[in-house]
Amino acid sequence: MRLPFKVIGITRKIALAAAILGVLSGLILGLVLLLLEHGQRIDTARLNAERIIRATLPQLESAYWEVDVPDARSIMNGLFEVPVIQGLRVEDPLLSDALRNSSGLVDLSARKPEVEIQSWLAVLFKRGIEFESRSYVLSNPRDGQEIGQLIVDFSYRAVQQDMVARSYVVLGSSILQTLLVTGVIFLMIQLVVIRPLARLQAAALRVRDGHSFQLKGRDQRMFDSARQDEISRLARAFRRTVTELEASRDNLLELVDERTTELLEARNEAVKASRAKSVFLANMSHELRTPLNAIVGLSGILLEMGQSRKSLRHLTDMQAAAAQLSENIDSILDLSKIEAGRLSPEQVWFDLDDLLDDVLTQTRALLGDRPVQLTWDYQQGLPQDIRTDPLRLRQILMNLASNAVKFTESGEICLSVHHVEETLVFRVRDTGIGIAPDQLAEVFKPFGQADSSTTRQFGGTGLGLPIAQRLAEALGAKLDVESTLGQGSCFRLSITPPTRRGAAIPPTETGLCITGSSGPVKQIKQISYRLGLNPEAECPRFHIQVSSRHVTFSQSENGTGLCEHIELPITKREFKEALGGLQEAGEISPPEGLPLASRDVLIVEDNRINLSVFVGLIEALGANVRTACNGLEALDQVAQAMPDVILMDLHMPHMDGHRAFEVLQVDFGASLAPVIAASANATPEENLRCITAGFADFLSKPVNPAQLRLVLEKEVSRSDNTSQDRVFDADRGVLHAGGDRVLYGCNLSRFHVDLAVWHQSLRILESSPDPASLHELLHVIRGAAATMGAMDLAETVRGVGEVKPDVVAVISAIERLQPLITKALPLVDEKAANPHLPLEQIGQLISKHDMSALEAIRGLETLNLPPQGAAAFKDLRQALEGLDFATAETAFARLLTYLQED
């Protein structure tokens with residue numbers, strides 16, 4: 001057992017040391033005294049014994065000469081009275097054995113029993129002389145001649161026994177004496193040293209608590225400079241140190257206050273600079289996107305006007321280049337977000353083929369006339385839709401593709417996609433200059449290049465790959481590279497997003513015959529399979545000849561009749577359009593009517609070029625277009641006649657789009673036509689601000705003509721069924737849910753239950769008015785209804801009076817809404833339904849706190865689980881419904897245990 005000596009105070013340590021020292025010193029002193037006394041006693045006993053023996057020798061000599069054995073024995077026994085004599089015997093070397101037997105002197109000896117000492121202290125006294133023998137001459141009383149010898153055996157055990165008995169007294173007294181001396185010394189030390197130190201310690205502790213350093217009473221004498229003892233000098237030195245520390249502390253506090261003031265000023269300046277930077281980026285983005293909008297819009301108009309296939313190809317490439325420039329602008333904004341750690345990727349479903357077509361088209365535009373062959377290799381059986389951030393994924397792939405274009409002067413660039421288990425693997429391979437092995441790590445560092453000379457030869461800032469790496473990490477993907485110097489590089493992006501196959505495309509009756517001895521024959525067949533066409537029909541309707549540079553579409557095998565040549569590479573979209581051009585009217589793609597025929601569209605735009613672009617695009621859709629140059633003019637136009645749709649720019653002079661929309665909402669309320677916001681500030685924050693404000697949709701500039709048409713068609717179709725859409729607009733609710741139909745479906749189910757509860761509560765409040773409870777309930781209903789797209793209910797609650805609300809009107813609005821939501825619930829669930837996800841992906845959704853996990857676990861309800869597994873599934877569902885993802889992870893781990901056992 002180890003004593004806690006380190007935690008004992010100094011006073012107790014000194015006391016303990018003094019006690020130990022007193023005991024040890026007393027013990028040592030007593031032992032020394034005992035050993036000295038032991039030697040003296042032995043010498044004294046020996047001298048006394050010799051005097052007695054010599055006094056007795058004449059008597060023994062006479063008895064022995066006269067052969068008086070009894071008398072001799074008696075004299076010898078008398079010598080045993082001396083304590084140190086242990087044995088006696090007489091030896092006569094002159095007598096033979098026969099003479100000794102005849103004279104009766106056979107055994108003239110005696111011995112007394114030895115003394116046994118029963119004490120541990122006897123060990124101390126055995127170190128000296130314990131036994132010894134001495135001989136004394138026996139002389140003839142008559143002539144003095146030697147007649148024999150008396151051998152005496154001495155034993156000093158009796159002396160040792162006496163010393164053992166005395167040692168207890170000696171040791172005890174010596175220890176007590178030394179303890180008394182050490183006790184006196186300890187008291188003096190405590191008085192002179194310990195107590196002053198304790199008072200110094202107490203004063204130091206008061207200094208720690210913020211008091212001044214001072215001593216009281218007689219202790220103040222320690223500050224007297226005349227006292228030169230160590231304690232006094234220590235006290236004076238400590239007082240000087242405390243004084244200096246207090247001065248330093250005050251100085252430090254002043255410095256901290258000054259630095260704090262400077263930091264606050266610097267922080268305020270940094271905040272101002274950050275705001276100025278954000279404003280600058282937004283303004284610059286707006287200024288750059290404004291002419292881009294004209295480029296994209298005008299090219300879209302030219303495409304609609306009808307051009308030759310070659311002109312269409314050039315216009316398509318021009319649009320792709322403009323889209324690439326637009327994404328470069330987004331990259332500038334993304335870089336600032338990445339540096340600030342504020343990049344939040346979206347999670348939406350989108351078509352994988354559209355993404356691949358965009359990447360291939362933009363890469364083709366970047367190559368221009370460079371002697372580089374652009375090829376592609378898409379694995380058959382790729383998923384139709386994936387769920388991730390399409391903008392960020394396209395940006396990563398375009399960074400890789402543009403990097404390959406920049407460093408490949410001749411040869412080949414290949415874009416490939418493969419689906420390995422649950423992972424999508426995108427590869428961009430080139431035959432460019434390649435990267436040395438020791439430089440591979442540098443390419444992913446900001447402003448880094450594999451070789452500094454490449455900056456001068458090929459240009460570039462060195463930000464493309466670092467941004468791609470950071471974006472890949474934000475998407476949960478992995479980006480790596482393999483390269484050989486002088487042979488080329490292969491960048492690989494691996495991502496595991498949720499996927500779905502989509503509805504199966506029924507094969508059409510139109511058969512194809514795809515032939516060719518060179519070129520991407522396999523890839524062209526894969527495109528036809530993705531379109532639901534049969535590329536190996538026995539009686540093909542169309543013939544497609546593939547060469548190393550072109551794809552030729554014709555109606556006959558020998559190339560007669562209508563024929564079209566398209567340069568490689570070709571996208572799925574271009575393949576479909578080429579087939580559509582060969583079809584007779586109505587066979588595959590019947591001509592579509594104008595979607596906005598006779599519709600009234602108001603365009604509010606201050607930029608002349610953008611206004612002409614919007615007018616051209618929308619008039620091409622058959623709409624009657626009215627225009628306004630700012631918000632004030634828009635108010636006048638709407639006051640004259642309510643249009644079917646309003647397209648509102650947000651940045652305008654006199655009155656901007658946000659303010660104009662607020663005035664329109666106040667003036668017209670629920671009767672206001674859908675207002676679509678358009679802005680070059682394409683940030684997610686601006687999008688969310690518009691949707692929250694109540695805009696029907698948001699379009700970022702440059703506007704994609706196809707996206708513009710889609711949004712306008714949606715809003716016009718909504719106007720066709722105004723009464724129902726005003727009551728319930730599911731698409732608006734999905735927008736409020738960030739485009740996540742799974743999350744919206746869960747929220748809609750809860751909203752459906754809440755409507756019944758609210759209906760019952762309003763009936764009660766109608767009969768028993770409670771103004772405070774009623775206003776609180778109406779506030780809840782209004783917020784929930786607007787979020788779910790129940791605009792009629794939200795507008796009704798907003799329009800009721802604050803003093804005396806019209807409860808009957810709100811009840812009627814709920815009753816109109818309930819059957820529509822009951823009808824919409826299965827439709828929303830059907831649109832949001834995902835294919836059964838693997839357990840690993842469900843676990844990833846839960847760990848990422850993704851609400852789509854609630855929808856993903858529905859497929860597990862049909863499993864035949866044991867009672868413990870069913871309880872774990874119930875806990876999992878309740879945790880997800882309550883947004884308690886930590887509990888959900890624990891419940892999912894329990895559920896996995898039972899699933900693995902099954």
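This is a predicted model: local features need pLDDT of at least 70, side-chain atom pairs count only at pLDDT 80 or more; totals for chains, interfaces and linings use all residues.
Is Arg573 buried, partly exposed or exposed? With a relative accessible area of 34%, Arg573 is partly exposed.

**Salt bridges between separate elements**

- Arg573 and Asp358 meet through their side chains in a salt bridge, with an N to O distance of 3.4 Å.
- Arg573 belongs to helix 13 (residues 572-582) and Asp358 to helix 8 (residues 352-367), so this pair ties together parts that are 215 residues apart in sequence.
- Asp358 is partly exposed, its relative accessible area being 22%.
- Arg429 forms a salt bridge with Glu412, and the closest N and O atoms are 4.0 Å apart.
- This pair links distant parts of the chain, with Arg429 in strand 9 (residues 423-430) and Glu412 in strand 8 (residues 411-420), 17 residues apart.
- Arg429 counts as partly exposed at 34% relative accessibility, and Glu412 is partly exposed with a relative accessible area of 23%.

- Salt bridges that share partners join Asp43, Arg46, Glu50, Glu132 and Arg134 into one network.
- Within this group, Arg46 forms a salt bridge with Asp43, the closest N and O atoms lying 3.1 Å apart.
- Both Arg46 and Asp43 lie in helix 1 (residues 10-65), where they are three residues apart, about one turn of the helix.
- Arg46 is buried, with a relative accessible area of 12%, whereas Asp43 is partly exposed at 41%.

**Aromatic pairs**

- Phe553 lies in strand 15 (residues 550-554) and Phe575 in helix 13, so the pair ties together parts that are 22 residues apart in sequence.
- Phe553 counts as buried at 0% relative accessibility, and Phe575 likewise counts as buried at 0%.
- The rings of Phe661 and Phe695 have centres 4.2 Å apart and planes at 20°, so this pair is stacked.
- Phe661 lies in helix 16 (residues 657-668) and Phe695 in the loop between helix 17 (684-693) and strand 21 (697-700), so the pair ties together parts that are 34 residues apart in sequence.
- Phe661 counts as buried at 3% relative accessibility, and Phe695 is buried with a relative accessible area of 1%.

**Charge over a ring**

- Arg500 lies over the face of Trp349, at 4.2 Å from the ring centre.

Key: Residues are numbered from 1 along each chain as its sequence is written. Side-chain values use heavy atoms; hydrogens and water are left out. Helices (H or I, at least four residues) and strands (E, at least two) are DSSP runs, numbered from the N terminus. Buried means under 20% relative accessible area, exposed over 50%, partly exposed in between (1.4 Å probe, protein chains only). Rings of Phe, Tyr and Trp (its six-membered ring) pair if their centres lie within 6.5 Å; planes under 30 degrees apart count as stacked, over 60 as edge-to-face and the rest as tilted. A charge sits over a ring if NZ of Lys or CZ of Arg is within 6 Å of the ring centre and within 35 degrees of the ring normal.
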